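The following paragraphs lead the reader through one protein model, from its overall make-up to selected details. Please keep the sequence and the structure in view while reading.

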Amino acid sequence: MSVLDYDIKFLAGVGEKRASLLSKELGICTFGDLLYYFPFRYVDRTRVFRIGELGGELPAYIQIRARVTGMAYEGEGRKRRLRVAVSDGSGIADLVWFSGAKWVEKQIEPGREYVIFGRPNVFRNSLSFVHPEIDLVEALVNRPTGGLQGVYSSTEKLTGVQLSSKGIARIMVNLWEHVKDRIVETLPQRIIAENDLMPLRDALYNIHFPQSQELLRRAEYRLKFEELLGIQLAILSRRATRTTAADGFYFPRVGEFFNGFYGEKLPFQLTEAQKRVVREIRSDTVTGHQMNRLLQGDVGSGKTMVALMAMLLAADNGFQSCMMVPTEILARQHFASISRMVEGLGVNVAVLTGSTRKKERDTILEELAYGRLHILIGTHALIEERVKFDNLGLVVIDEQHRFGVEQRARMWTKNSRPPHVLVMTATPIPRTLAMTLYGDLDVSVIDELPPGRKPIITRHLYDSQRMKLFGFMRREIARGRQVYVVYPLIKESEKMDYKDLYDGFETMSREFPLPDYRLSVVHGKLSPEEKDEGMRAFRDGETQVMVATSVIEVGVDVPNATVMVIESAERFGLSQLHQLRGRVGRGGEQSYCILMSGDKLSREARARLDAMVETNDGFRLSELDLKLRGAGDISGTQQSGTVFELKIASLSKDAAVIEYARRVASGILAEDPSLTMPVNALLARLREKYVNQGGVDFGMIS
Ligand code: ADP
Ligand code: MG
């Protein structure tokens, strides 16, 4: 057993209770887990500032050395605080504690000198610190706190057992004493030498206890490189497996379904981009390998049409297709529009969702199993065991970021050989993400909107400007246009969250009263029939205003709607805002997106709204989104289950390292595709760590 596998409770300074919290709160169970728990930032404690010199631009954290000159409580109730005055001879500063004051008071002795470390607030030439770290100067002499100090993220519960960032740093020192002579290099010497990397032991030491900025930089580089190399080895191997296995279905025929549709039914000219993607799909499906294609195209670019043509191609070759979409509304809408488009061609289409009634469902399942249905559209309900195809040849997944890896993978098992896969997304994927997350997919892009579309005009209004909004809505409605008004919803299940929507609906009903105006309302609490009816009335132009939660976020298509009002827009993420905006601008009319927000905005919320006003370009927005949120967040939310777990590299910041690691990985695999050569034994181990993580595991499931 390696020392890294030791249970964390045996480490000096930990014990049973802290061990169980470490595992619950941070997933740290072993010595190795702790060793690979890296600081998320560093503070420079080499420099001591003089109070008198401070001014202008300051670092986020600074250190001063000063003597306590006074101490007093101020304020009442919740505002009560302890204020400590200090002086270093060049000037004075205040230290403030709102909580924990009793404890601080006991530590502080007036007249003595302390080292004070924290975030400086400068206001009208006076300097203060809220909740700084303080240490007696004498106490510091015995502790090596100089140099760069790592800051670890901790939690409230851990802080409660003295495992704040400082506490974690303390047990890290104990850990290092234990493991420092037993760290085994994980990369081959050749790779280390060729890429001028720091050896593992030095890298781990400097990541926790940096001896200089330069050594820290090299340590970070080494660890990032190793992580990204492992991921690229896994992705590229996976891709190689897929493209060499000769088990893909063969679609050579372009028959009467495809030609009949193309010749007689197509309601418009395809854009050049749509034609190109259809050609790419056609050539993928005659190689004998499984197609695994990601279709990226901004909202409104016409992805559904491409999917339909691919499904008709499958039907021409005797195969069934299915199209999986994230919401019931979207499933029904696709079903309605696709049925309309293929009418009279003899293509059998059905829709299956969680709320399809038993009798109807039984019929659909039977038709499906006997091969009489060509195209099945549906929600997660398609994944269920009882949904059995006769001969599934193509799976289309719309708005793919809404599905987890596992959900998607289960579709591939619905035939004896893996069907072709087309995943579609309107959330543009920045290049670095595409190389990691989607590294084993071929990517098609629709980079052109259907002709005649006018760019959507986006405006940001504050709640206090609401009258302006109503006036604008009335003018557009008078011109025969329709309006969406969308309210945020955090969790569909919580009643509280509907308050905004209900209040909003009331306001809208007052401002837009019968008989001149009619409103639709659609949200998650309604029955499928009620939702359908609300959507239908709006689509058919019977209602002018659609009041909804973000259930309408994806895919809804009503070309006559020209205004999208997003209420509390500051509560939506950028990609969601962009998706919502994409619901308008689908016809030839000028369309508008109005972002309503409260008067007080955080800096980040303001940046999001400004970006929306400034650009319609989904790609630029997604890169900005990644920057604002950090890639870590992506794994936490929408993309759950699709991202590799990164310990140190960042998808948004380490683009260059990602590309470099990919080149190195592909060079290695070119020489030794299965990594069986003895010199590559360590690399095979590294790859192993990532093969079952992230990505979209198409084709590996047989
Ligand atoms: P998305 O890519 O967001 O899924 P849709 O497939 O919903 O976009 O298409 C948006 C709208 O554009 C639909 O009303 C569709 O009928 C229309 N459309 C698609 N392709 C074209 C085209 N080549 N010319 C004109 N309109 C098109
Ligand atoms: Mg769509």
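Two strands are said to pair if DSSP finds at least two bridges between them. Helices (H or I, at least four residues) and strands (E, at least two) are DSSP runs, numbered from the N terminus. With these terms, strand 18 and strand 20 (residues 545-549) pair in the parallel sense over 5 bridges.

The model is a predicted one, in which local features need pLDDT of at least 70 and side-chain atom pairs count only at pLDDT 80 or more, while totals for chains, interfaces and linings use all residues. Residues are numbered from 1 along each chain as its sequence is written, chains are lettered from A and ligands numbered from 1 in the order in which they are written, and side-chain values use heavy atoms, with hydrogens and water left out.

As a whole, the protein contains 25 helices and 22 strands. Of its 702 residues, 51% count as buried, where buried means under 20% relative accessible area, exposed over 50%, and partly exposed in between (1.4 Å probe, protein chains only). A contact means heavy atoms within 4.5 Å. Among the contacts in the protein with a separation of 6 or more, 74% come from residues 24 or more positions apart.

In the pairing with strand 20, Val-485 has Val-547 as its bridge partner. Strand 18 also pairs with strand 21 (residues 561-566) in the parallel sense, over 5 bridges; there, Tyr-484 stands opposite Met-564.

Strand 5 (residues 113-118) gives an example of antiparallel pairing. Of its 6 residues, 5 are buried, and the strand is mostly covered. Strand 2 (residues 62-74) pairs with strand 5 in the antiparallel sense over 6 bridges, and the bridge partner of Ile-64 in strand 5 is Ile-116. Strand 8 (residues 133-136) likewise pairs with strand 5 in the antiparallel sense, over 4 bridges. In strand 8, Ile-134 is the bridge partner of Ile-116.

Another part of the model holds an open sheet of 7 strands in the order 12-13-11-14-15-10-16, with parallel pairing. Its edge strands are strand 12 (349-352) and strand 16 (442-446), each of which pairs on one side only. From one strand to the next, the twist averages 20°. Strand 12 and strand 13 (residues 375-378) run parallel and are joined by 4 bridges; Val-349 has Ile-375 of strand 13 as its bridge partner. Helix 12 packs on this sheet, touching strand 10 (292-297), strand 11 (320-324), strand 13, strand 14 (392-397), strand 15 (420-425) and strand 16, and its direction makes about 155° with that of strand 11. Helix 14 (residues 358-369) also packs on the sheet, where it touches strand 11, strand 12 and strand 13; its direction makes about 130° with that of strand 12. For such angles, axes are lines fitted to C-alpha atoms, for helices over the stretch in contact, and the angles run from 0 to 180 degrees between N-to-C directions.

Within strand 11 lies Met-323. At 0% relative accessibility, Met-323 counts as buried. Its contacts, not counting residues up to four places away in sequence, include Thr-304, Ala-307, Leu-376, Leu-382 and Met-424. Met-323 and Leu-382 are 59 residues apart in sequence, yet their C-alpha atoms are 8.8 Å apart in space.

Helix 12 (residues 303-316) also packs with helix 11 (residues 272-284), at an angle of about 30° and with the axes 10 Å apart. The two helices are therefore roughly parallel, a term for angles under 35 degrees. The contact is made by Gln-274, Val-277, Val-278, Ile-281 and Arg-282 of helix 11 and by Met-305, Val-306, Met-309, Ala-310 and Leu-313 of helix 12. Finally, helix 10 (residues 256-265) has Phe-257, Phe-258, Gly-260 and Phe-261 as its buried residues, and these pack against helix 11, helix 12 and helix 13 (328-341).

Methods
Angles under 35 degrees count as roughly parallel, over 145 as roughly antiparallel, 65 to 115 as roughly perpendicular and the rest as oblique.
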